[in-house]
Amino acid sequence: MSDRTATIHRKTKETEITLTLNLDGSGKAELETGVPFLEHMLDLFAKHGLFDLQVRARGDVHIDDHHTVEDIAICLGTALRRALGDKAGIRRYGHAVIPMDESLGQVAVDLSGRSHLEFKAEFPDLRVGTFATELVHEFFWKLAMEGRMNLHVLLHYGRNTHHMIESLFKALGRALNEATRLDPRIQGIPSSKGVL
């Protein structure tokens, strides 16, 4: 198996991030972001996607979490795209429906090379701890843009905002695990166009 790993370093006036993603990992995460709730979600994403993920981020969290969350998603999407290379032999599509207690979240993905997000989720609370729940959309949007994927996120129902968001990040991990898997039956690029 080829080394499907990428490391991204991004530095702006607002954040400095180093992120490493291994698509063929075992679900280990090493996270230091200054945004505890996001770390919890990224840990779940890695664990359920069987990705190894390292993130070191310093951002202007004294203002709010927005720039750090946004830039981590940019780095994760970029790392995913680079780790996939030309995408030869991958399954391309992935889908997961995840229950988390009373909540049910669904994610479908196409690693098509075309960026698009459909996000159908509303949360009863504006915050989970200090984390603004509007940043969940921001994260998925920037991930879809930089990962150049079709990403459909659907929260069917729930009552507890923490559980609802957790179901979506677990579903994201499972769906991307399926889409990035190598399938020996697939010869070359999984597209009639010959390129993704």
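## Close-up views of a sheet and its helices

**View 1. Helix H1 from end to end.** H1 has 14 residues and spans 20 Å from first to last C-alpha, close to the 20 Å expected at 1.5 Å a residue. The expected span is 1.5 Å times one less than the number of residues. Helices (H or I, at least four residues) and strands (E, at least two) are DSSP runs, numbered from the N terminus. The model is predicted: local features need pLDDT of at least 70, side-chain atom pairs count only at pLDDT 80 or more, and totals for chains, interfaces and linings use all residues. Residues are numbered from 1 along each chain as its sequence is written, and side-chain values use heavy atoms, with hydrogens and water left out.

**View 2. The buried residues of H1.** Phe37, Leu38, Met41, Leu42, Leu44, Phe45, Ala46 and Gly49 are buried. Buried means under 20% relative accessible area, exposed over 50%, partly exposed in between (1.4 Å probe, protein chains only). An α-helix has 3.6 residues a turn, so residues three or four places apart point the same way. Leu50 follows H1 and has a positive phi, near 60°.

**View 3. H1 against helix H4.** H4 covers residues 161–180. The axes of H1 and H4 come within 7 Å and cross at roughly 35°. Axes are lines fitted to C-alpha atoms, for helices over the stretch in contact; angles run from 0 to 180 degrees between N-to-C directions. Contact means heavy atoms within 4.5 Å. H1 residues that meet H4 include Phe37, Met41, Leu44 and Phe45. Among their partners in H4 are Ile165, Phe169, Leu172 and Leu176. The residues of this contact divide into eight nonpolar, six polar and three charged. Here Ala, Val, Leu, Ile, Met, Phe, Trp, Tyr, Cys and Pro count as nonpolar, Asp, Glu, Lys and Arg as charged, and the others, Gly among them, as polar.

**View 4. The open sheet.** Four strands line up in the order E1-E2-E4-E3, with mixed pairing. Two strands pair if DSSP finds at least two bridges between them. E1 (5–11) and E3 (29–32) are the edge strands, each pairing on one side only.

**View 5. Strand E2 and its partners.** E1 and E2 form a hairpin with three residues between them. Their pairing is antiparallel, over seven bridges. Thr7 stands opposite Thr20 in E2. E2 (residues 15–22) also pairs with E4 (residues 52–59), antiparallel over eight bridges. Thr18 stands opposite Arg56 in E4.

**View 6. Helices on the sheet.** H1 (residues 36–49) lies across E3 and E4, running at about 165° to E3. H2 (residues 66–84) packs on the sheet and touches E1, E2 and E4. The direction of H2 makes about 35° with that of E2.
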